[in-house]
Amino acid sequence: MISFVGAGPGDIELLTLKGKKRLQEADAVIYDRLVNPLLLFYCKPDCVFLYVGKTPYQSSMQQETINQLLLDTHKNPSKIVRLKGGTPEIFGRLTEELEVVTGNNIAFEIIPGISSASGSAAYNGIPLTERGQARAVTFMTAHLKMNEEVLLPEHPPEQTLCIYMGIEALPKLILQLVNQGFSANTKIAVISWGTYGRQKKVCGTFSTIEGLIAKERVKNPAMILIGEVVSNERRFNWFEQLPAFGKRYLLVSTRSPTIDELIHYTSVGADIWWHQVGEMRDKRFDPISERYLSEQQFEEVKFIDSTSEKLFCSLKKGE
């Protein structure tokens with residue numbers, strides 16, 4: 001059985017109950033770059049972790065290789081989770097993987113998650129629909145095949161556009177929308193790493209947003225929300241008001257955490273990673289920690305116990 005599970009947009013508490021259960025039962029988890037790896041702490045000690053992360057515009061695992069990995073992994077463990085960021089049926093290349101699975105008569109299920117658009121909007125007080133302002137929502141991606149142009153269909157003004165991975169294509173998208181009749185004062189929000197404590201956001205109009213993105217150095221992965229509903233962000237932005245929002249902690253321990261220990265920090269807005277040291281550490285997380293620490297920066301190290309502090313400091317001296 002292969003379970004295609006939506007991991008949600010980032011905050012570990014946004015995983016569904018069914019998704020959590022599948023992770024706890026899994027013999028192997030095949031997961032993407034946009035999955036919060038803290039979710040892997042739900043897994044049992046003998047579960048195998050297989051990383052198939054894709055970084056835009058960089059050399060990374062091809063989809064064909066991922067498809068083959070699904071088949072190869074299925075030959076051994078009985079319960080496999082294919083963990084995808086957001087929800088698998090929205091820009092998750094789900095059809096391609098389902099064709100491989102069904103073509104080989106493998107049983108499967110699809111467990112949806114909270115989409116990146118929904119999570120990013122909700123955590124910033126932006127309703128995707130609103131009476132009198134937005135009576136429709138459109139999801140689209142700007143991350144296309146090589147040399148493929150981003151072309152927008154005609155969009156009526158009374159709706160919200162949710163554009164995935166669109167920062168690089170944004171100037172062309174804005175030009176197309178203005179040519180369709182959208183005002184230069186149309187509201188727009190660009191949210192990077194939405195629902196994480198490291199979330200970065202800029203809000204403006206078509207005429208100001210490119211300058212704001214450059215000034216604040218907002219990069220993909222990012223969600224772009226376009227429409228009058230964005231004006232609600234000033235009134236209803238709640239996530240960034242949490243007491244630890246923006247704090248970035250590296251938690252160092254000689255053991256694996258409980259999920260409640262992780263939620264203690266993330267529920268108040270902190271961005272964290274749990275780094276294990278010592279002989280009793282869960283060595284499955286060694287490559288995950290190495291990769292995560294190479295991509296993310298943390299402003300403070302917190303030691304869970306005195307032994308971890310000694311080990312961590314000795315490792316640092318040995319570098």
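Predicted model: local features only at pLDDT ≥ 70, side-chain atom pairs only at ≥ 80, totals over all residues.

Reader: Into which domains is the protein chain divided, and how far apart do the C-alpha centres of domain 1 and domain 3 lie?

Author: The protein chain is divided into domain 1 (1-113), domain 2 (114-237) and domain 3 (242-318). Between the C-alpha centres of domain 1 and domain 3 the distance is 24 Å.

Reader: How many salt bridges does the rule find across the interface of domain 1 and domain 3?

Author: Polar contact does occur across the interface of domain 1 and domain 3, where four residue pairs are found, both residues being at pLDDT 80 or more. For salt bridges across this interface, however, the number found by the rule is zero.

Reader: Which peptide bond is cis, and what is its omega?

Author: As a background to this question, most peptide bonds are trans. The cis bond joins N220 and P221, and P221 is placed in the loop between α6 (209-216) and β10 (222-226). Among the residues that P221 touches is S192, which is found in strand β8 and is buried at 7% relative accessibility. The omega of the bond between N220 and P221 is about 5°.

Reader: F91 and W193 both have a positive phi; is W193 buried or exposed?

Author: F91, with phi of about 55°, lies in the loop between β4 (80-84) and α3 (94-103) and counts as partly exposed because its relative accessibility is 43%. W193, with phi near 55°, has its place in the loop between β8 (187-192) and β9 (200-205). Since the relative accessible area of W193 is 16%, and the cut-off is under 20%, W193 is buried.

Reader: Which parts of the chain does the salt bridge of E97 with R82 tie together, and which residues share its network?

Author: The closest N and O atoms of E97 and R82 are 3.0 Å apart. E97 lies in helix α3 and R82 in strand β4, so the pair ties together parts that are 15 residues apart in sequence. E97 is buried at 0% relative accessibility, and R82 is buried with a relative accessible area of 1%. Salt bridges that share partners form one network, whose members are D32, R82, K84 and E97.

Reader: How far apart are N and O in the salt bridge of R248 and D271?

Author: R248 lies in strand β11 (residues 248-253) and D271 in strand β12 (residues 271-276), so this pair ties together parts that are 23 residues apart in sequence. R248 is buried, with a relative accessible area of 16%, and D271 is buried as well, at 3% relative accessibility. From N to O, the side chains of R248 and D271 meet at 2.8 Å.

Methods. Residues numbered from 1 in each chain as written. Heavy atoms only, no water. Domains from an automatic or database assignment. Salt bridge = Lys/Arg side-chain N within 4 Å of Asp/Glu carboxyl O. Polar contact = N/O pair within 3.5 Å; in protein donor to acceptor, adjacent residues only side chain to side chain. Helix = DSSP H or I, 4+ residues; strand = E, 2+ residues; numbered from the N terminus. Buried < 20%, exposed > 50% of the residue type's maximum accessible area, 1.4 Å probe, protein only. Contact = heavy atoms within 4.5 Å. Lists of a residue's contacts leave out its neighbours within four places in sequence.
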